[in-house]
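Welcome! Take a look at the molecule below, and then we can walk through some of its charged pairs, its helices and its surface together.

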Amino acid sequence: TDPPTPTTAPGKSASTTVRAKPNKCPPLGLESLRVDDSQIQASSYQRMGLGPHRGRLNIQSGIEDGDMYDGAWCAMHRDRHQWLEVDAIHLTLFTGVVLQGRNSIWSWDWVTTYKVQLSNDSVIWKPCMNGTEEAIFEGNQNPEIPVLGLLPVPTVARFIRINPQTWYPNGTVCLRAEILGCRVDDPGNRLYSEADRSSKDPLDFRHHNYKDMRKLMRSVNEECPDITHIYTIGKSYMGFKLYVMVISDNPTKHELGEPEFRYVAGMHGNEVLGRELVLNLMQYLCKEYKKGNQRVVRLVTETRIHLLPSMNPDGYEAAYAKGSELANWAEGRYSYEGIDLNHNFPDLNNIMWDTQEKAGDASKVPNHYIPIPEYYTQEDAMVAPETRAVINWMQEIPFVLSANLHGGELVVTYPYDCTRDWAPQEDTPTADNAFFRWLATVYASTNLVMSNPDRRICHYEDFQQHHNIINGGAWHTVPGSMNDFSYLHTNCFEVTVELSCDKFPHASELPIEWENNKESLLVYMEQVHRGIKGVIRDKVTKKGIPDAIVKVEDHDHDIRFSVTAAADGDYWRLLNPGEYKVVVWAEGYLPTMRRCHVGMEARPTICDFALTQTPLQRLKDIRANGGKIPRDLQLRLRALRLRK
């Protein structure tokens with residue numbers, strides 16, 4: 001049916017024409033922080049931590065009750081004269097209110113019914129009417145599930161008030177809210193034009209469900225068939241395929257010396273911005289490569305880029321069904337089986353630390369390529385099929401660098417995510433802490449929101465004091481994270497990027513979010529070319545040696561690529577600028593040492609190695625091939641026997 005005819009609130013008249021469709025109006029931006037704290041007022045509040053600036057949908061509270069960052073606006077008085085007011089700055093066609101209770105582990109508070117008033121001057125107020133009576137809107141039945149209340153008649157105004165009427169009997173007047181409204185067309189309004197900025201890139205800015213995602217990926221592949229290839233790494237519990245797009249000048253196979261890079265999004269199904277950014281990135285790389293953009297051409301020809309937009313499609317579909325404002329903080333986070341995929345990888349950290357303590361000498365304990373524990377491989381282990389698929393993917397391809405994209409905060413975290421001795425928070429650095437901090441800084445410093453010194457904190461933690469990067473364990477411990485597993489089992493360096501305060505931003509926010517993250521996504525991929533790389537070969541046969549171990553002096557984390565794709569002996573070792581003593585060895589070969597210099601330029605230093613077989617290994621190979629033992633080898637073996 002046609003929407004009701006919009007009306008105008010009393011006070012200053014609205015002379016502009018309303019062109020937006022009321023049923024399509026986006027959120028004003030309380031949750032995304034587009035609405036400033038100064039635009040939110042209240043009749044009263046209990047304390048600063050429960051002030052009107054905290055009345056934002058899905059805002060999360062601090063652990064300590066009574067701190068500066070509680071999880072709602074709470075009025076001082078328990079009566080029907082309390083209100084939360086939002087100033088839209090300019091004339092807006094208000095269409096609805098989304099309400100939520102208080103986020104707290106100590107208190108239960110929510111509003112069960114409320115009224116709405118509108119004004120153009122914040123002096124004269126007009127109640128929202130339902131026919132001839134003042135409209136009463138249904139509120140919440142619990143603290144977390146958002147409830148939408150649509151205005152019976154969409155109304156043009158500048159100010160809107162939420163006026164609670166009843167609330168949870170054992171609680172008080174507390175709420176979190178989002179306002180739905182379309183900006184009235186006013187070309188002369190400077191704030192309107194600034195707030196409505198968008199991207200110049202012609203990309204498909206909308207939320208894509210599973211069907212739409214496949215369609216978009218197929219269209220990119222058809223547009224750029226020479227540099228793209230789509231494959232699957234497995235299926236979710238509900239049978240959705242985990243699609244990956246690879247972008248490279250030779251996308252279907254690993255090329256000698258070309259590093260493998262990956263972006264993973266959608267591990268938590270309701271943190272959807274990463275999914276859309278990865279889909280945007282596919283389109284952008286394709287279009288810019290065709291245009292001849294030299295930066296993109298260099299990335300595509302020198303790197304093999306793998307893009308997994310949805311690791312948890314089951315969770316995403318659940319969140320997508322509710323939509324941007326009605327999917328609460330946890331809706332769709334977990335897999336269909338209720339598993340948090342970021343706690344579902346093998347906990348190799350504690351295996352390594354326990355072994356080091358028992359051994360006494362940490363240098364005798366493997367610090368790389370730690371095998372998966374036996375209990376984890378059993379069929380009845382609580383391991384999601386999505387997790388198993390990603391682990392198999394990691395083992396098949398020699399990834400060098402990765403990032404997994406999350407949402408709900410604005411910060412980049414780096415390993416280790418798991419703390420020693422199960423401390424809830426503790427800085428737990430890896431042997432490559434300096435380089436991980438560089439990787440995190442590269443993304444955070446180029447992100448337009450993170451790098452803004454005047455930005456508001458998302459919830460209750462101020463990551464600005466850490467320059468928007470933090471060690472994962474120093475934030476909160478996460479045993480079995482993908483970051484730690486990636487580093488300890490496959491030697492791939494990986495960080496977590498928390499992309500936005502709003503886990504599920506409205507589609508209207510996506511162009512701005514792309515601009516916020518575009519440079520960060522590109523510059524982070526370019527870091528895969530830092531450090532040293534080369535080929536490890538047999539000195540006599542010149543054939544590549546797989547499974548060689550690369551050790552950098554003063555770095556207690558060795559590198560080994562034990563996958564079929566790196567069977568030609570190529571290796572990569574990410575390092576900051578400096579001089580390094582590098583030792584390489586492999587089974588059946590004598591160790592070889594070289595000094596390698598890493599410069600300031602964003603390109604790798606070539607450090608090739610030629611290894612000499614041990615006499616015994618050489619003898620085994622000759623006998624296996626039925627060859628004659630050379631005179632020099634006979635003498636060497638004789639000398640070894642005499643020495644023994």
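In this predicted model, Glu271 and Lys503 form a salt bridge, with their closest N and O atoms 3.5 Å apart. The pair links distant parts of the chain, 232 residues apart: Glu271 sits in the loop between strand E14 (260-265) and H3, while Lys503 sits in the loop between strand E19 (493-498) and helix H12 (510-526). Glu271 is buried at 4% relative accessibility, and Lys503 is buried at 7%. Salt bridges that share partners also bring in Arg333 and Asp340, giving one network with Glu271 and Lys503.

The structure holds 29 salt bridges. Here are three of them:

| Salt bridge | N to O distance |
|---|---|
| Glu271 and Lys503 | 3.5 Å |
| Arg161 and Glu85 | 2.9 Å |
| Lys291 and Glu288 | 3.3 Å |

Arg161 belongs to strand E10 (residues 147-167) and Glu85 to strand E4 (residues 84-100), 76 residues apart. Arg161 is buried, with a relative accessible area of 14%, and Glu85 is buried too, at 6%.

Lys291 and Glu288 both lie in helix H3, about one turn of the helix apart. Lys291 is exposed, with a relative accessible area of 60%, whereas Glu288 is buried at 11%.

How do H2 and H3 lie relative to each other? Their axes come within 10 Å and cross at roughly 15°, so the two helices are roughly parallel. The crossing is left-handed.

Finally, on the surface, Tyr45, Met48, Met68, Tyr69 and Tyr460 form a nonpolar patch with about 450 Å² of accessible area together. Tyr460 is found in the loop between helix H9 (433-446) and strand E18 (469-471), and is partly exposed at 32% relative accessible area.

Definitions and conventions: Residues numbered from 1 in each chain as written. Predicted model: local features only at pLDDT ≥ 70, side-chain atom pairs only at ≥ 80, totals over all residues. Heavy atoms only, no water. Patch = residues over 30% accessible without salt bridge, like charges linked within 9 Å, V, L, I, M, F, W, Y side chains within 5 Å. Areas by Shrake-Rupley, 256 points an atom, 1.4 Å probe, with all protein chains shown as cover. Salt bridge = Lys/Arg side-chain N within 4 Å of Asp/Glu carboxyl O. Helix = DSSP H or I, 4+ residues; strand = E, 2+ residues; numbered from the N terminus. Buried < 20%, exposed > 50% of the residue type's maximum accessible area, 1.4 Å probe, protein only. Axes fitted to C-alpha atoms, helices over the stretch in contact; angles between N-to-C directions. Parallel < 35°, antiparallel > 145°, perpendicular 65-115°, else oblique. Left-handed = near helix turned anticlockwise from the far one by under 90°.
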